[in-house]
Amino acid sequence: MFDKRAGFLYNVEKRVRSDITSETSDDEKENTVDKYIKISGMQKLTLLDYPEHTACTLFVPGCNFRCPFCHNSELLGGDVEFYDEAEVFAFLRKRVGVLEGVCVTGGEPTVYTDLDRLLGKIKELGYLVKLDTNGYRPDRLEKLVGSGLVDYIAMDIKNSPERYAETIGLPDTFDIAPIERSIDIIMNGGMDYEFRTTVSAELFDDKSIEGAARMIIGAKKYFLQKFIMRDTVPSKTLTSPQDIVLSRYLDIVRRFVPNAAIRGI
């Protein structure tokens, strides 16, 4: 999934921002660097990630969830390499008129406070922007939607509220309210969107899939995605649901989201 063969991978210690000056205090430097979005992977062409558009996909490291089924868990480690942002935009400028959109995924892009800066630079080149998110930073999501910086949002609905914490690998004290707020922002934001749920056999049953669907009643698009084991998946005990089970889940989901579909099988 990641194209790390390009010759412009930079180690994090060598990443320098031109707007951090010698007059910036050490504390300000540390806080500023932490805010800057980083790019750790790039898929130069995708016909799947952005529906009905040719696009490339940028992967950012870091996430505020620890989903046991994550396919991109290598982005959560401390040894992640970073692309030079200038080289990424050199590539994007060369593809203007060839590619139609840019997908920004992760990891979780909204953990970065300057995500709007990155998306703004992409929009300035004339690209459509698709953002993948877990929805746990509704404040930043609302800002992006209000600024017109995203054309398409794909948000994960991890599970029913009762099983959300279990499914994202966080304590039972997890607050579902930010997720619910993000759903509201997306469904009423005026841009195109989809919701999606990755379904593993161990984390779902009829009750939990119904609970997930109830969170997005009347949504425009909702996709059930069959979990597939990969080397990068943190939990090696998860398995794919049987197709007949996934079809039954779809019947349940369609009571609340009539346009729901299964993606990937």
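Reader: Where is leucine 48 found?

Author: Leucine 48 sits in the loop between strand 2 (41–46) and strand 3 (55–59). Helices (H or I, at least four residues) and strands (E, at least two) are DSSP runs, numbered from the N terminus. This is a predicted model, in which local features need pLDDT of at least 70, side-chain atom pairs count only at pLDDT 80 or more, and totals for chains, interfaces and linings use all residues. Residues are numbered from 1 along each chain as its sequence is written, and side-chain values use heavy atoms, with hydrogens and water left out.

Reader: Is leucine 48 buried or exposed?

Author: Buried means under 20% relative accessible area, exposed over 50%, and partly exposed in between (1.4 Å probe, protein chains only). Leucine 48 has a relative accessible area of 75%, so it is exposed.

Reader: Which residues make the nonpolar surface patch?

Author: Patches are made of residues with over 30% relative accessible area and no salt bridge; like charges are joined within 9 Å, nonpolar side chains (Val, Leu, Ile, Met, Phe, Trp, Tyr) within 5 Å. Here Leu45, Leu47 and Leu48 form a patch of about 370 Å², with areas from the Shrake-Rupley method with a 1.4 Å probe, where for residues only the protein chains shown count as cover.

Reader: Which residues have the most contacts inside the largest nonpolar core?

Author: A nonpolar core is a set of buried Ala, Val, Leu, Ile, Met, Phe, Trp, Tyr and Cys residues joined through side-chain atoms within 4.5 Å. The largest one has 68 residues, and Ile122, Phe195 and Tyr222 have the most contacts inside it. Helix 8 (residues 243–253) gives the most to this core, with 6 residues. Leaving aside neighbours within four places in sequence, the contacts (heavy atoms within 4.5 Å) of phenylalanine 195 include Met155, Ile157, Ile183 and Tyr222.

Reader: How many salt bridges are there?

Author: Side chains of opposite charge can pair when their charged atoms come close. With a side-chain nitrogen of Lys or Arg within 4 Å of a carboxyl oxygen of Asp or Glu as the rule, the count is 20. One of them joins glutamate 142 to arginine 181, with the closest N and O atoms 2.7 Å apart. Glutamate 142 is in helix 4 (residues 138–146) and arginine 181 in helix 6 (residues 177–187), 39 residues apart.

Reader: Which residues are linked in a network of salt bridges?

Author: The network links Lys130, Asp132, Asp156, Lys158 and Arg196.
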